[in-house]
Amino acid sequence: MSTIFSKIINGEIPADIVYQDELVTAFRDINPQAPVHILIVPNKEIPTVNDLTQADESVAGRLLLVAQKLAAQEGIASDGYRLMINCNRHGGQEVYHLHLHLLGGRPMGPMVQRTG
Ligand code: AMP
């Protein structure tokens, strides 16, 4: 069974793809939480951060380097931005295909919701 993100990567369903190479694909989030909200996704289906192995070191590094490149391309590098990966239930993960959120274009507020 392939994930919704695999279908985007393979071109089976449409998305606003902003970057693609042999290891990762980046596209705009369908429900953006900031003026810039891009998801950077390994082409290979890795469900969560928990599933990364030593063999994934280059793809894991590529996620960050592509985020850096896209932040510059989107004009948000100097003001700053937030990079976020949700993992499993407590992390609030909805799609079980590892992805790095690149969020910016406005102040992103506190790092996590305050509880009291
Ligand atoms: P997470 O909660 O970290 O798993 O985030 C999943 C993200 O995927 C959410 O921000 C969704 O808005 C986004 N998303 C889900 N389906 C699509 C899609 N077809 N195209 C683009 N983004 C999507």
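1. Through how many residues does a hairpin join S1 to S2? The hairpin that joins S1 to S2 does so through three residues; helices (H or I, at least four residues) and strands (E, at least two) are DSSP runs, numbered from the N terminus. S1 and S2 pair in the antiparallel sense over three bridges, where two strands pair if DSSP finds at least two bridges between them. Within this pairing, tyrosine 19 has alanine 26 in S2 as its bridge partner.

2. On the basis of these notes: this is a predicted model, in which local features need pLDDT of at least 70 and side-chain atom pairs count only at pLDDT 80 or more, while totals for chains, interfaces and linings use all residues. Residues are numbered from 1 along each chain as its sequence is written, and side-chain values use heavy atoms, with hydrogens and water left out.

3. The sheet is open and is formed by five strands in the order S1-S2-S3-S5-S4, with antiparallel pairing. Its edge strands are S1 (17-20) and S4 (81-84), each of which pairs on one side only. From one strand to the next the twist averages 15°, where axes are lines fitted to C-alpha atoms, for helices over the stretch in contact, and angles run from 0 to 180 degrees between N-to-C directions.

4. Strand S2 (residues 24-28) and strand S3 (residues 36-42) run antiparallel and are joined by five bridges, and phenylalanine 27 stands opposite leucine 39 in S3. Helix H2 (residues 57-73) lies across S1, S2, S3, S4 and strand S5 (100-104), running at about 155° to S3.

5. The structure holds five salt bridges, a salt bridge being a side-chain nitrogen of Lys or Arg within 4 Å of a carboxyl oxygen of Asp or Glu. In one of them, arginine 28 meets aspartate 16 (3.3 Å, N to O), and this pair links distant parts of the chain, with arginine 28 in strand S2 and aspartate 16 in the loop between H1 and S1, 12 residues apart. Arginine 28 also meets glutamate 74 in a salt bridge (2.9 Å, N to O); because glutamate 74 lies in the loop between H2 and S4 and arginine 28 in strand S2, this pair ties together parts that are 46 residues apart in sequence.

6. Since aspartate 21 lies in the loop between S1 and S2 and arginine 62 in helix H2, the pair ties together parts that are 41 residues apart in sequence. Aspartate 21 counts as buried at 15% relative accessibility, whereas arginine 62 is partly exposed at 23%; buried means under 20% relative accessible area, exposed over 50%, and partly exposed in between (1.4 Å probe, protein chains only).

7. Aspartate 56, found in the loop between S3 and H2, counts as buried at 4% relative accessibility. Not counting residues up to four places away in sequence, aspartate 56 touches Lys44, Ile46 and Asp51, where contact means heavy atoms within 4.5 Å.

8. Lysine 7, placed in helix H1 (residues 4-9), counts as partly exposed at 30% relative accessibility. Leaving out residues up to four places away in sequence, lysine 7 touches Ser2, Glu12 and Ile13.
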